[in-house]
Amino acid sequence: MGFVSETHAPGHAAKGASGMGVTAGMGVADGMTVASGMGIGIGSGTGVASAIGTPGHAHDRHIDGCGTLDATWQAWPGLAALLPISAAVLVPAHRRAIIVAPHPDDEVLACGGLLQLLHAQGTHTVLLAVTDGDASHPGSTLLTPADLGRHRPRETAAAMHALGITPHILRARIGDGQVLANLDQLHNLLVQLLQPGDVVFTTFRQDGHPDHEACGLAAALAVRACHATLVEMPVWSWHWATPGDHRLPWRRARRLQLSDDILQRKQQAVECFQTQLNDDPSTGQPAILPPHVLQRLLRPYEIYFI
Ligand SMILES: [Zn+2]
């Protein structure tokens, strides 16, 4: 068991090493509708799940339609009232930051601003890419799973370059849509990777996308075993939740302000994810990251659940 390590240089594909060797699944892809009952449950065949904030079923966290528009979020005073936090408080000196990204693009959408701030303060940052995102275009003749498995890791590399950062990137090569089914594998990888004091950033345990929720759960379990700290990040939560929604942990929420320069580089990094930004005429599938979705994720601040 191990990782596939790669350089961050744009234009270089992920190394062709076999790594974890998990075949791409055709499960729920990033941005696709989350079917009822796809949520994380204890009885998923894993030996590691325990009652650590296990969210139960995602029947009330659907990702379909336009979701809650950013204008609706902005009209809610609760967002502006969230307590501020700095990168130096999120990741104190001499600690590592471990970013666990379910799909290529989550690392930028969730924390592309923070990544720049961590780089500026000299934090050693590791990006664990859990899947290669190869199931985002089911049935497409323009972007097959093999195409996506090549393109999307390159998009992440280009995005890191756009951010001006050089994190160490590890690829777990778990199948897109198959993270929950491979929870033990991800947990074991994290336990190998983590050191006491590490700060682990990953998607919120109840984010609504099964892969996002599984990453949150695996990280929650691993930080407990490794004496590390977990910080969760909402991505699709902004879609299905509503202002003041009791399903989000607002008391744990902190607001990281981004300068104009940092936000601009985050926007440029998002532009690198071309496979997610365009409609697919071969299937009629609209872009996974249309403007109304990006608007929620390109605010001049990022929200973290500490
Ligand atoms: Zn994702």
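What percentage of the 306 residues of the chain count as buried? The answer is 49%, where buried means that 20 or more other C-beta atoms, placed from the backbone, lie within 10 Å of a residue's own; exposed means 12 or fewer, and partly exposed is in between. Keep in mind that this is a predicted model, where local features need pLDDT of at least 70, side-chain atom pairs count only at pLDDT 80 or more, and totals for chains, interfaces and linings use all residues. Residues are numbered from 1 along each chain as its sequence is written.

Let's start with the overall plan. The chain has 11 helices and nine strands, taken as DSSP runs (H or I of at least four residues for helices, E of at least two for strands) and numbered from the N terminus. Now take the contacts, meaning pairs of residues whose C-beta atoms, placed from the backbone, lie within 7 Å. Among those with a separation of 6 or more, 82% join residues 24 or more positions apart.

Next, find helix α9, residues 260–270. Its buried residues are Ile262, Arg265, Lys266, Ala269 and Val270. They sit on the same side of α9 because they cover an arc of only 145° around the axis, going by the directions from the helix axis to the C-beta atoms. An α-helix has 3.6 residues a turn, so residues three or four places apart point the same way. Over on the other side of α9, Asp260, Asp261 and Gln264 are exposed.

So what covers the buried residues of α9? The cover includes α4 (106–120), α5 (145–163) and α11 (291–297).

Look at α5 and α9: their axes come within 8 Å and cross at roughly 160°, with axes being lines fitted to C-alpha atoms over the stretch in contact and angles running from 0 to 180 degrees between N-to-C directions. That makes α5 roughly antiparallel to α9, the label for angles over 145 degrees. Here Ala159, Ala162 and Leu163 of α5 meet Arg265, Gln268 and Ala269 of α9.

With α4, the axes come within 9 Å of each other and cross at roughly 135°. On the α4 side, the contact includes Val108, Leu109 and Gly112, and on the α9 side it includes Ile262 and Leu263.

Methods
Contact = placed C-beta atoms within 7 Å. Parallel < 35°, antiparallel > 145°, perpendicular 65-115°, else oblique.
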